Structures are given as C-alpha cells and as structure tokens.
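Please have a look at the sequence and the structure first, and then we will go through them together.

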Amino acid sequence: MRFLVPAFAALLLLVPPPAAVAADGPGVKLSTSQAGTGGSVTVTGSGWRGRALLMILICGQSVPSRGVVGGTNSCANADGRAVTTDAEGRFRKELPVAEPPVPCPCVVHVATVTGPEAGADAIFQVAGHSVEPLPAQPAGGRLSVLDDTRLEGSGGLLTWFGAPPARTLVLTVGNVGTSAVVDPVFQVGTAHGVFAPEWQEQRWRGTIAPGRKARIRLPAELAAGAHGDYTVSLKYGGKVLAEQPWAVGRPWGVTLFWILACLVVPAAVFRAGMAVVDRVRPRRPGGVRHRGLPLRLPAPSARRSPRPSSDSTLPWFTPDADPGTAGRLSAPHDDSPPSRTTPFRKGPT
C-alpha cells in the first residue's frame, strides 16, 4: 500500500489538466493536403466557441506562422463557406477548391465572423496554382493595443433626421518593435451584423518611438440613415488590433417626415383638384359662384313690390282740407237733416 500512493501520483502527473487542453485554442484539420480546382476538401475543427459562426476560405501568400499576409484580399472569397459550430465547439464542412487571387503557399483559413476574434490555419496546396516566395517581413516597429477601445461622441438632431452617424475611435497603442513607427496608416472598418467590414485607410500623423505609447483618435462614420448593431474594427499591418460594438438608433425623424408627407400631400392634391374642377365647371345662368357652389338669386318678378305710400288716393277722390274728412274713402254727399225754414219744392215750378 505504501508503494501504491507514489505510483498513483505519478500517473496523475502524466494526465494533462483541462486548462492545458483549453489553452491550445481552436484547431483545424483537412481530409487532404492537396487538391485541384473543381475538387473539394473536408474541413473539421474543434476547440471553438459553441454555436459560433465561422467562415472557411482558401487563401494564398499565407503560412500558419504568419497568417494571411494580405488579409481577405488574398483569399478566394467567392468560393468560401460558412459553418456554425455545435454546442461543444466542433464542426465539419466540405469546401470546394478554388484558386486564390495570389500565388501559393496557401492555407485553409478559418475565422470567427461575430463575437470574440479567433482563427486557425492549415497548410493546403492548390494543384496547378503558381507558387512564389512570401514577401519579406518588414522589420521595425510593431504596434499593440495597450488599453480598452471606446467610441466617443453622440448623435444630434440631424442624425435623428437621417444624417450619417459619426463617432471617434479612441485607443492607446504601444510600439513593441525595435524601430520607430512614423505616420502609421490604419484601416478602420465598419460591419453590420454578420457582413464583412468595409475598410477605409486613415493616416495618423505622429511618431511612436520603440517602447513608447501614443493615444490614437480616428474618425468612424456610417452611411446616411444607418441604424442597428454595427462593429467598428481597427487593423494595422494586416492584423486586427481592436473591435468595438456600436448600437445605432433608428432615425425616427425620417419616419415622422414620411408620415406627415402621406397626410399632407394627398390633402394638397385634393384641394388642387377641387380648385381645377371649380374653374372648368360651366357657369349657370342666374347663379353666382361662391366657393365652388352656385348661389341662386330670386327672379326680378319674384321680388317684393314696394309698399304703397299712405298718401295715394283714388282717381275720383279729392281729399278735403278739413282734417276730419281726411279718412273718408267715398265721394262727399249731403247727409244733414232739412232745415225747418227751407221750403220743400214739389215738382217743377
């Protein structure tokens, strides 16, 4: 029993701990190391992040020790394939063989599309494709990111109405090489969702001596009306130095403008149409136009005759000067009783 304990301890030392296995990182294996155009190669991988979206490409001017020298411009992008790893970080995918736009040596390059950056390369020879030596690796300064990257700035009223969103990418880099870096040219890329970034070269004016650091500020701008989840990336010397997510709000001012346009324009067209109809409509006799509707006036014969004046008299009546007889309407006659002194005449004399 005394000898079993040391033997068991030695056996445990021979078994690698789980951390050592995880430290190896993602790996890629090929079913064959050489194939011609038109054929295919089966790519298998393990050690990747679970449920990760990967891109598989055949790239030229590349070796696993240096990576893809010219970036994705050295790869056969049109014949690439996308694959999603399983829950344990494994995948298996058949890749068609295509000639890259640059000479070999070539590799099968696998890299993550979203999330933390990770990649792996496997040596592969495209049969019949030209082979040339790799370009000399430039000696001198090398830049490395020293702190977290952030985006500074905010949107304004114009952005709310669809102006291009803009931010400033801020980070600190250090020169870990042996010579100074003068006026370095960075590449700033913006990617939307799972799409590849669109790179733009931007030169930073200044000199970074060996062992020194510098604060880098580079502008990043999107297209007009852009909204959603974006990723801003910084590349230098063919290597991605930093990535920063950018959530861009929707330009609600544009939506409000179109809603108002859909309400105002039909109303204006309707009023213009009614004005044209009112102008070309024939005029009716005896009518007066008033806001597009004829207003009828009474006929001359139907108008009320003027009220007769109070001093009009009949043709046979002559008003007396006496105010007492002013109200009589008949001819005057003698209605007084006969006088006693007045004799009655009977017959002709």
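Let me begin with the rule for counting: two rings of Phe, Tyr or Trp, taking the six-membered ring of Trp, are called a pair if their centres lie within 6.5 Å, and the pair is edge-to-face if the planes are over 60 degrees apart. In this model, which is a predicted one, that rule gives four aromatic pairs.

One of them joins tryptophan 48 and phenylalanine 91, with 6.3 Å from centre to centre and 65 degrees between the planes, and it is edge-to-face. Tryptophan 48 sits in the loop between strand E3 and strand E4, while phenylalanine 91 belongs to strand E8, so this pair ties together parts that are 43 residues apart in sequence. Are these two residues, tryptophan 48 and phenylalanine 91, buried or exposed? Both of them are buried.

Another edge-to-face pair is made by tryptophan 160 and phenylalanine 161, at 5.1 Å centre to centre and with 85 degrees between the planes. Here tryptophan 160, which lies in helix H3, is partly exposed at 37% relative accessibility, and phenylalanine 161 is partly exposed as well, at 45%.

Trp160 and Phe161 are also among the residues of a nonpolar patch on the surface, which has about 960 Å² of accessible area together. Helix H4 gives the most to this patch, namely six residues.

Elsewhere, the charged end of lysine 235 sits over the ring of tryptophan 199, at 4.2 Å from its centre.

Note on methods: Residues are numbered from 1 along each chain as its sequence is written. This is a predicted model: local features need pLDDT of at least 70, side-chain atom pairs count only at pLDDT 80 or more; totals for chains, interfaces and linings use all residues. Side-chain values use heavy atoms; hydrogens and water are left out. Rings of Phe, Tyr and Trp (its six-membered ring) pair if their centres lie within 6.5 Å; planes under 30 degrees apart count as stacked, over 60 as edge-to-face and the rest as tilted. Helices (H or I, at least four residues) and strands (E, at least two) are DSSP runs, numbered from the N terminus. Buried means under 20% relative accessible area, exposed over 50%, partly exposed in between (1.4 Å probe, protein chains only). A charge sits over a ring if NZ of Lys or CZ of Arg is within 6 Å of the ring centre and within 35 degrees of the ring normal. Patches are made of residues with over 30% relative accessible area and no salt bridge: like charges are joined within 9 Å, nonpolar side chains (Val, Leu, Ile, Met, Phe, Trp, Tyr) within 5 Å. Accessible areas come from the Shrake-Rupley method with a 1.4 Å probe; for residues, only the protein chains shown count as cover. A salt bridge is a side-chain nitrogen of Lys or Arg within 4 Å of a carboxyl oxygen of Asp or Glu.
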